[in-house]
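Please examine the structure shown below.

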Amino acid sequence: MKIDNKSIVPAAGGVVGQAGFSALIDTYTEQLYWHIRRMVVVHEDAQDILQEMWIRAYRHIGSYKGSRAEIHSWLYKIATNLCLRHLKRKYERRFIFFGDEKTNILDRFSECISEPPDSVEARFQKALLSLPTKQRTVFNLRYYDELPYAEISRITGMSETTLKTNYHYAQQRIKELMTR
Amino acid sequence: MKEFDFNEVGRRMPYSVPEGFFEKAEQNAYAAIADGTARHRPRIMRSTMAIASAATVFIGATVLGIHTFRDRQTVTDPQQQYCLLLTEVSDNTVEEISANYMEDYNDL
């Protein structure tokens, strides 16, 4: 079914305004997809999370109390939380059922890349994936999305000092792994 | 050994997406919203259903608990014990229990 953008707009009021929600989708879909993809690696998972993110954003946009400028952080926050929940459910399961192999995100990585595994891009991403999830989230938001610490703080709920420490450790660890 | 320079990789990534994916993704987002909104129940309705489910489980557990407690109450009378045993064991062991019971009962 082809959905007319205008058909969903009237229900999305509040800070975003009448024509705003369609503009949000048009503006942020690509950038949010890449943020999600870097977090969850698998394209299909990223696609599902992106859709879920827009559904949630649409449901709650009416009660959104922040400023127009902060809506970017709000969307990133929804996306990041969904990614963290997904990673926890998919890779940190306590019980392994019959025929259900234990996997980790690095096992999936080699199936999901379009560059040779020994390319600098692939090695860099692999090094990044070996970091603890918190460090990796901070690194992605700072390095790839170039967000200021104040905004990352709004997204992750961590203090700016903690973020700076996490980013520093992430950089050091990546340097070590890439120098080997 | 030469230290790794982040500029060597920049923001390049080893991932790719199918051609035309982002145009399709926007359309999918609108479709997902339409579908998700249709499936979405109001919060109050979800809360009522959650409370009703919890109440059903609680009542069920209470009834089952009382029933089990009553069954497990100590029976001191040998005849009652015998009757309870007969309801709990298979036919093969009934004769054996009967024999033991008769011995015990004769001692009384």
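**Interface and helix packing**

In this predicted model, 44 residues of chain A are in contact with 32 residues of chain B, contact meaning heavy atoms within 4.5 Å. Local features need pLDDT of at least 70 and side-chain atom pairs count only at pLDDT 80 or more, while totals for chains, interfaces and linings use all residues; side-chain values use heavy atoms, with hydrogens and water left out. Residues are numbered from 1 along each chain as its sequence is written, and chains are lettered from A and ligands numbered from 1 in the order in which they are written.

The size of an interface is often given as the accessible area lost when the parts come together. Between chain A and chain B about 3600 Å² is buried (accessible area, 1.4 Å probe, that two parts lose on being put together, summed over both). Carbon and sulfur atoms give 69% of that area. There are 3 salt bridges between chain A and chain B, a salt bridge being a side-chain nitrogen of Lys or Arg within 4 Å of a carboxyl oxygen of Asp or Glu. K175(A) and E3(B) meet through their side chains in a salt bridge, at 3.7 Å from N to O.

Over all chains, the structure holds 8 salt bridges. In the one formed by D145(A) with R38(A), the closest N and O atoms are 3.2 Å apart. Because D145(A) lies in the loop between α7 (133–144) and α8 of chain A and R38(A) in helix α2 of chain A, the pair ties together parts that are 107 residues apart in sequence. Helices here are DSSP runs (H or I, at least four residues), numbered from the N terminus.

Helix α2 (residues 20–40) of chain A also packs with helix α4 (residues 71–91) of chain A, at an angle of about 30 degrees and with axes 10 Å apart. Axes are lines fitted to C-alpha atoms over the stretch in contact, and angles run from 0 to 180 degrees between N-to-C directions. α2(A) and α4(A) are therefore roughly parallel to each other (angles under 35 degrees). The contact between them includes L24(A) and Y28(A) of α2(A), and I71(A) and H72(A) of α4(A). By class, this contact has 14 nonpolar, 5 polar and no charged residues (Ala, Val, Leu, Ile, Met, Phe, Trp, Tyr, Cys and Pro count as nonpolar, Asp, Glu, Lys and Arg as charged, and the others, Gly among them, as polar).

Conventions
Helices (H or I, at least four residues) and strands (E, at least two) are DSSP runs, numbered from the N terminus. Angles under 35 degrees count as roughly parallel, over 145 as roughly antiparallel, 65 to 115 as roughly perpendicular and the rest as oblique.
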